[in-house]
Amino acid sequence: MSEHKVFGLIPMRKFYRAQKATWLGKAFSTFWGAWSAIGLPSHGMSQLEVAGRKTGKPHRLAVVVARVEGKQYLVSMLGECEWVRNARAHPDVVIARFKRHHVRLEEVPIAKRGPIIQEYLRCAPGARPHIGLPADASLADCARVAPNHPVFRIVG
């Protein structure tokens, strides 16, 4: 089985190792977040700006917003990662796409994450290798991985 490659060229391991972004992964996320924040075509991405839980300094990264039943959600493809811990500590964040929106993130209980992860897999192809499921994953499979992938509802 061949290794998943970004843009069909660069092996995924250059961007992420042990469920953490490498310096290259952080650089690409920062670039795509800034790109989408000013409204340029970005494959459905937006920029998330969340305050660091220790420093309070803003951290910016690219995210894909999943829409389910008229509500918007963020899913952590890397599981318990830095932006998740920061969002729990500082749930008032900024989502930027064309313009900045000050919103609040509310964590979704594990039992309700399945349908959201299912939609996220459909609209965020880059997340599929991290979650380990295909775009057409069943609801049961999405519910099975839900404890490992925090989900936040965007409010406001």
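Me: Which residues touch the most other members of the largest nonpolar core?

Reply: The general idea comes first. In soluble globular proteins, nonpolar side chains tend to be buried together. The model shown here is a predicted one. Its largest nonpolar core has 40 residues, and those that touch the most other members are Leu 48, Leu 74, Trp 83, Leu 105, Ile 117, Tyr 120 and Ile 131. Strand S6 gives the largest share of this core, with seven residues.

Me: What does Leu 48 touch, not counting residues up to four places away in sequence?

Reply: With those residues set aside, Leu 48 touches His 59, Arg 60, Leu 61, Val 63, Leu 74, Trp 83, Val 93, Val 94 and Ile 95. Two of these names, Leu 74 and Trp 83, were also in the list for the core.

Me: How many helices and strands are there in the chain, and what share of its residues count as buried?

Reply: The chain has five helices and 10 strands. It consists of 156 residues, of which 44% count as buried. The chain exposes about 8,900 Å², and carbon and sulfur atoms supply 58% of that area. Among contacts between residues at least 6 apart in sequence, 56% join residues at least 24 apart.

Me: How many salt bridges does the count come to?

Reply: The general idea is one of charge. Side chains of opposite charge can pair when their charged atoms come close. In this model the count comes to 11 salt bridges. One of them joins Arg 88 and Glu 107, whose closest N and O atoms are 2.8 Å apart. This pair links distant parts of the chain, for Arg 88 is in helix H2 and Glu 107 in strand S9, 19 residues apart. Arg 88 is partly exposed, at 38% relative accessible area, and Glu 107 is partly exposed as well, at 34%.

Me: Is Arg 113 buried or exposed?

Reply: Arg 113 counts as buried because its relative accessibility is 5%, and buried means under 20%. Arg 113 lies in the loop between S9 and helix H3 (114-123). A polar atom of its side chain lies 3.0 Å from the backbone oxygen of Val 108. Leaving aside neighbours within four places in sequence, Arg 113 is in contact with Glu 107, Val 108, Ala 146, Pro 147, His 149, Pro 150 and Val 151.

Me: Where are Arg 104 and Asp 92, which link distant parts of the chain?

Reply: The side chains of Arg 104 and Asp 92 meet in a salt bridge, at 2.8 Å from N to O. Arg 104 is in strand S9 and Asp 92 in strand S8 (residues 92-97), 12 residues apart. Arg 104 counts as partly exposed at 37% relative accessibility, whereas Asp 92 is exposed at 53%.

Me: What is phi of Glu 69 near?

Reply: Phi of Glu 69 is near 50°, a positive value in a residue other than glycine. Glu 69 is in the loop between S6 and S7 and counts as exposed, at 79% relative accessibility. Phe 98 has a positive phi too, near 75°. Phe 98 lies in the loop between S8 and S9 and is exposed, with a relative accessible area of 57%.

Methods:
Residues numbered from 1 in each chain as written. Predicted model: local features only at pLDDT ≥ 70, side-chain atom pairs only at ≥ 80, totals over all residues. Heavy atoms only, no water. Salt bridge = Lys/Arg side-chain N within 4 Å of Asp/Glu carboxyl O. Helix = DSSP H or I, 4+ residues; strand = E, 2+ residues; numbered from the N terminus. Buried < 20%, exposed > 50% of the residue type's maximum accessible area, 1.4 Å probe, protein only. Polar contact = N/O pair within 3.5 Å; in protein donor to acceptor, adjacent residues only side chain to side chain. Contact = heavy atoms within 4.5 Å. Core = buried A, V, L, I, M, F, W, Y, C linked by side-chain atoms within 4.5 Å. Areas by Shrake-Rupley, 256 points an atom, 1.4 Å probe, with all protein chains shown as cover.
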